[in-house]
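Subject: Structure to look at

Hi there,

Here's the structure I promised to send over. Have a look at it first, then read my notes below.

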Amino acid sequence: MYIIAGLGNPGAKYEGTRHNVGFSVIDTLAEAHNINVDKKQFKGLTGRGVIGGQQVLLLKPLTYMNLSGESIRAAFDFYKPETDQVLIVFDDISLETGQLRIRKKGSAGGHNGVKSIIAHLGTTEFPRIKVGVGEPKRGELVDFVLGHFHGEDAAVMKEAVKTAASAVETFLEEGPEAAMNLYNKKKEKKTEQKEDKKAEKKEEKKEEKKEEKEKKGSEHEALE
């Protein structure tokens, strides 16, 4: 039994916020595989089913983010899986909006939900899928992560949630290495392309400024 837990905060006011990306991924998986995540147990909402040929428990902790470990531990004690069968999906402010990063283990990286899970499981050696939500440009971090996506970011995150759900499916069907190779590199390639486009635009602007300068010089000469 694999435990697939998406982190977030319960309640309508938190739906669709940056901190609830994990919940959104679980909802997407549940819909795609006809799993009802509506049973109250393990201090969360759960649903059992099969994804990628594996028996899974989809879990949305209802403990609020900072106490996520309580829910994960309760499910862990009941099913007794190996720690590499506990996959956590959560938001990450250190990654650009929509970027995925899959890891087989690691520190909390300042994420309070993951910090709670590490404390309750007593290990950092569980896989995770981090979904980038970008960094706050101004204001408090709490207000940022509890805020909603707008404009272009909203469209990017809609696709990122689908991609993260696909990454979970690959993880279950082909293993963590395959998921890492496919989804980590895929986004890195897109990021490189984005940077290339930025560089191209920068060059175009330089050329435009140069042309304007030359044009102004010609007009000045004509006036003289």
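How much accessible surface does the protein chain have, and what percentage of it belongs to carbon and sulfur atoms? It comes to about 12,900 Å², and carbon and sulfur account for 47% of that. Keep in mind that this is a predicted model.

Now the overall layout. You'll find six helices and seven strands in the protein chain, and along the sequence they run β-α-β-β-β-α-β-β-α-β-α-α-α. Of the 224 residues, 45% are buried. If you take the contacts with a separation of 6 or more, 67% of them are between residues 24 or more positions apart.

Next, zoom in on helix α1, residues 21-32. Its 12 residues reach 17 Å from first C-alpha to last, close to the expected 16 Å. The buried residues here are Val 21, Gly 22, Phe 23, Val 25, Ile 26, Leu 29 and Ala 30. They pack against several elements, including β1 (2-6), β3 (44-51), β4 (54-61) and α5 (151-174). Just after α1 comes Asn 34, with a positive phi of about 50°.

One more spot: Ser 68, in helix α2 (residues 68-79). Is Ser 68 buried or exposed? Its relative accessible area is 1%, under the 20% cut-off, so Ser 68 counts as buried. A polar atom of its side chain sits 2.7 Å from the backbone oxygen of Met 65. Beyond its neighbours within four places in sequence, Ser 68 touches Leu 7, Pro 61, Thr 63, Gly 113, Ser 116 and Ile 117.

Cheers

Terms used: Residues numbered from 1 in each chain as written. Predicted model: local features only at pLDDT ≥ 70, side-chain atom pairs only at ≥ 80, totals over all residues. Heavy atoms only, no water. Helix = DSSP H or I, 4+ residues; strand = E, 2+ residues; numbered from the N terminus. Buried < 20%, exposed > 50% of the residue type's maximum accessible area, 1.4 Å probe, protein only. Contact = heavy atoms within 4.5 Å. Areas by Shrake-Rupley, 256 points an atom, 1.4 Å probe, with all protein chains shown as cover. Polar contact = N/O pair within 3.5 Å; in protein donor to acceptor, adjacent residues only side chain to side chain. Expected span 1.5 Å × (residues − 1).
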